[in-house]
Amino acid sequence: MRWWHKTLLTGLVLMLLLLATGYWYLQKTLAALPVQNLHYDVKALSLRQLQLSHVSFNIAAANVHVQLNDVAVSWQFPAWFSLALDHVHLGSGNITLTNWPPPDSSAEEVPQPAFSLPENWQLPAILPGSVSLQQLGIHLPCGQNRCSYQLQAELSIVQQKLQYQLTVADAAITDAAIADAASSDIVRLKLSGDYQTIQNLPLLNAHLTLDDSAWLELSQQLSAQNGVNASGEFKLDIAPPSPWLLQQFKLWQIELPADALAQFTAPVTVQSNWQLALPEHISLASLSQQASGSWQLSANLPTPLSLPGIGQLQGTVVAKLGLEQGELTQYQLNSQLTLLKPQLSGDLLQLGLNADALHITVNADGKSQPQLNALPLYVALNSEGKTALGLTSNVMLNLTPPISAQLQQAKLSLKQQLFNPAPDTKLSEITLNSDFNAYWLADNWQLDIQQLTANIATLSTPDINGRNIKLSLSPGQFNGDDRFSQVKLHADINLSVAELEHPQLKTQSWQWQSKLRGDLSALTLDGNISNAASLGLKHQLRYQQDQLELSWQLDDMFLLAGNPLAATLTDWPALLEFNRGRIAGTGELTLLPALSASANVNLSGVSGIYDRSLFKELTAALQLNYQADTVQLGTKDATVAEIEHGVVVGPLKLNAQYTANTDAITAGKLDIQQLQLLAMGGQVQVQPVLLDLTLAEQQLLLELKQIDLTQLLQQHPTTDLTGNGRISGTIPLLLGRNGASVKDGSIAAESPGGKLQYRPPTAQSMAASNQGMKVVLEALDDFHYSVLSSNVSYDTSGKLLLGLTLRGQNPALEAGRAINLNINLEEDIPALITSLQLSSKISDKIKQRVQQRLQQSGAKRANGVQQ
């Protein structure tokens, strides 16, 4: 008997070793799970069963706490080294979700594989033979509350046939105001059915009931007979929601308008059935060539059904489809749906888009014997309310690979009372009409616009207002790939505004014609903009490789017919008028990657008036440059043939450049390289100088050369004094905030001198009353001077002081005895110029301005204003 004792002892040792190994494996397996704070109590452990009286743990990544009681798992050993779960039992437990996890924005999009049926429909062998959940509490955050539900489930698998039943009832209600609407004893949701495979193909039946408000039945079977046969039926009934369901909508913050609930009085029914013979290897291509069978769908929404986030849907849908080896034998679709009070996004509502109802019609009668690669549809969309949208189109669908769709003879119309594209921008009374065709393929699309017209009654922005705006686009073609990364554009655009208002522009009509060409990586826009004042500007916009550049050319302006600039710009100087000549200009503007600009403006033979001065034959080439917040304006060899401001001078020649920062445009530096004026037989020129306009005063040194005394004296309104000779000198001209002034200027006659004759009509009476004056008058009657010099002073009030020194003789007086004269002269230069202007043959416009200036000065003096 000793062998028997040894055998028994060896078996006990092996059993203990096996139990220890199993316990160690259980500990290791539980420790490897992705959980935290794992606690459990083992009630029993054997070779075929594990019982836990309690187990709890947290899943930190999902904010989940799990607590389970009375857990039992049993298994069998159908063969050596194999294990099969037999039964899983849960007595009670709770699963609590503290917070919903945020969406994973960093997760990469995984490409979806092509659709194909599973090769193995059998239930996984790891599933237990039966599962029993007696009471499992699920606690979830719902808005400001917490929603709790009790789950019960039974599942059994017998010979690869799965039978299941799941029920959901209420648990604790945390909101006392709605507690009366629920009871934990009432089953709210029930799901039951079965699943099995026949010849390795599935048979599924499912029944779902939701609190006597929704019923769903689904049956689906696949069978093998000359391929795969698929048959099934789907039924859905939705009745007006029960009080418990309304309470759940409130807890989960799903808004159901009260009027929508009041209108939902009849149940919604949706039914569909299908019998299809499919090829053994299912793909889109094989379905379109070999599939046979029929499919039917009917949906009836007799009263508006509220769809959260969408609106209230009402209408009917009837569809029938028959196939025989990929050929259509029956094709019918009739859909008449109305979406009441569509819920548009907040962005669309801010734009002003809104509608009370959207009518959707989709019809197909199948009388034209369509094919799967050419399924015709008629689609019509119409909306009512602030946004009145209309769209009709014939649609052609191709359901054979590659799938495609075409919109043919599409017509779009839109009426919008108010449109707000930006918070401070408004468009009113918009009407739009368009005829177009569209094409869509799996990897590309195309939109062909035959014509598009839009009318806008008013446009209002903080700076721009427009009325009677018309836009037309014809023709237009746009196409690209499925990711919109390679979009090509081709369109002719015309835009007109009957009245355009802007603070810098005079109100008038504008027109813009342009041609849009290229793609999103290389885009060109060539156009021309013009207005009622005959101002025209051609432009070419270029975008390529993140560079945006604009070239422009100003249409030649012939000023004899008018000045388009003065008729366009409100800031055009009121005292500046052009009456003849030509202006042309070109420029470049870079917008990206950094802002810079250059322009060339050419003036040819321009004549006109500035204030009380007349100028003729102005010719100049102006260059403007802007870069890095710095503006440069320069000209080379600018000339003015003649300037008349009481006296006639000219021509004038100027070379200068002005540089300033954009934040202080009037406080720059003026570099005068050449300023030369021919006047009265000689010339006046400015020594090259750099003027800093930030300073309070600037000084220019004027040089007078070879001024003809005869011509100078002829400019004076009196003819009592005549003479000849040439005068030269230097005049330090000081420019300040209050005007121009001269201090310590000097002029002198050049050798050998000249002659002066002063013969006023009142000479005899002046000589009779004053003996000294008699001698002076006699000397100046025919004075031959060898020296004529003067100090020059001029103040900002316009007073000119001359300290004149004369040395010479009168041959007829005392045998030509030498005579020295010192004479102080004072002249009011503004008054002198005014007198010259009124007495000259200058234009009536200048005389009118002179008289207005005299009247204003007289009024100021009468009011005691010092000038």
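Colleague: Which residue does Glu501 form a salt bridge with?

Modeller: Glu501 pairs with Arg467, and their closest N and O atoms are 2.6 Å apart. Keep in mind that this is a predicted model.

Colleague: How many salt bridges does the structure hold?

Modeller: The structure holds 17 salt bridges. One of them joins Arg188 and Asp170, with the closest N and O atoms 3.4 Å apart.

Colleague: And which strands do Arg188 and Asp170 lie in?

Modeller: Arg188 is in strand E8 (residues 187–198) and Asp170 is in strand E7 (residues 161–170), so this pair links parts that are 18 residues apart in sequence.

Colleague: Are Arg188 and Asp170 buried or exposed?

Modeller: Arg188 counts as buried at 7% relative accessibility. Asp170 counts as buried too, at 1%. The cut-off for buried is under 20% relative accessible area.

Colleague: What about Asp637, which residue does its side chain meet in a salt bridge?

Modeller: The side chain of Asp637 meets that of Lys653, at 3.9 Å from N to O. Asp637 sits in strand E31 (residues 630–644) and Lys653 in strand E33 (residues 652–661), so the pair ties together parts that are 16 residues apart in sequence. Asp637 is partly exposed at 47% relative accessibility, and Lys653 is partly exposed at 32%.

Colleague: Which residues do salt bridges that share partners join into one network?

Modeller: Asp170, Arg188 and Asp211 are joined into one network that way.

Colleague: Changing topic. How many disulfides are there?

Modeller: The count comes to one disulfide. Cys142 and Cys147 form it, with their sulfur atoms 2.0 Å apart.

Colleague: Why is the disulfide of Cys142 and Cys147 called right-handed?

Modeller: The torsion about the S-S bond is about 95°, so the disulfide is right-handed.

Colleague: Are those two cysteines, Cys142 and Cys147, buried or exposed?

Modeller: Cys142 counts as buried, at 0% relative accessibility. Cys147 is buried as well, with a relative accessible area of 3%.

Colleague: On to the nonpolar core. Which residues in the largest one touch the most other members?

Modeller: Phe578, Ile583, Val606, Leu756, Leu788 and Leu806 do, in a core of 58 residues. Apart from that core lies another of 35 residues, among them Val228, Val268, Leu337 and Leu375.

Colleague: What does Leu756 touch, not counting residues up to four places away in sequence?

Modeller: Its contacts include Leu709, Leu713, Thr722, Gly723, Phe783 and Tyr785. Leu788 and Leu806 are also among the residues that Leu756 touches.

Colleague: Where is Ser292?

Modeller: Ser292 is in strand E13 (residues 292–307). Ser292 is buried, with a relative accessible area of 9%.

Colleague: Which backbone nitrogen does the side chain of Ser292 reach?

Modeller: The side chain of Ser292 reaches the backbone nitrogen of Gln325, at 2.7 Å. Leaving out residues up to four places away in sequence, Ser292 touches Gln275, Leu276, Ala277, Leu323, Glu324 and Gln325.

Colleague: And Gln698, which strand is that found in?

Modeller: Gln698 is found in strand E37 (residues 697–708). At 10% relative accessibility, Gln698 counts as buried.

Colleague: Last topic, the whole chain. How many helices and strands does the protein chain have?

Modeller: The protein chain has ten helices and 44 strands. Buried residues make up 34% of its 867 residues.

Colleague: What does the accessible surface of the protein chain come to?

Modeller: The accessible surface comes to about 50400 Å², and 57% of that belongs to carbon and sulfur atoms. As for contacts between residues at least 6 apart in sequence, 48% join residues at least 24 apart.

Note on methods
Residues are numbered from 1 along each chain as its sequence is written. This is a predicted model: local features need pLDDT of at least 70, side-chain atom pairs count only at pLDDT 80 or more; totals for chains, interfaces and linings use all residues. Side-chain values use heavy atoms; hydrogens and water are left out. A nonpolar core is a set of buried Ala, Val, Leu, Ile, Met, Phe, Trp, Tyr and Cys residues joined through side-chain atoms within 4.5 Å. Buried means under 20% relative accessible area, exposed over 50%, partly exposed in between (1.4 Å probe, protein chains only). Contact means heavy atoms within 4.5 Å. A disulfide is a pair of cysteine sulfur atoms within 2.5 Å. A salt bridge is a side-chain nitrogen of Lys or Arg within 4 Å of a carboxyl oxygen of Asp or Glu. Helices (H or I, at least four residues) and strands (E, at least two) are DSSP runs, numbered from the N terminus. A polar contact is a pair of N or O atoms within 3.5 Å; within protein, one must be able to donate a hydrogen and the other to accept it, and residues adjacent in sequence count only if both atoms are side-chain atoms. Accessible areas come from the Shrake-Rupley method with a 1.4 Å probe; for residues, only the protein chains shown count as cover.
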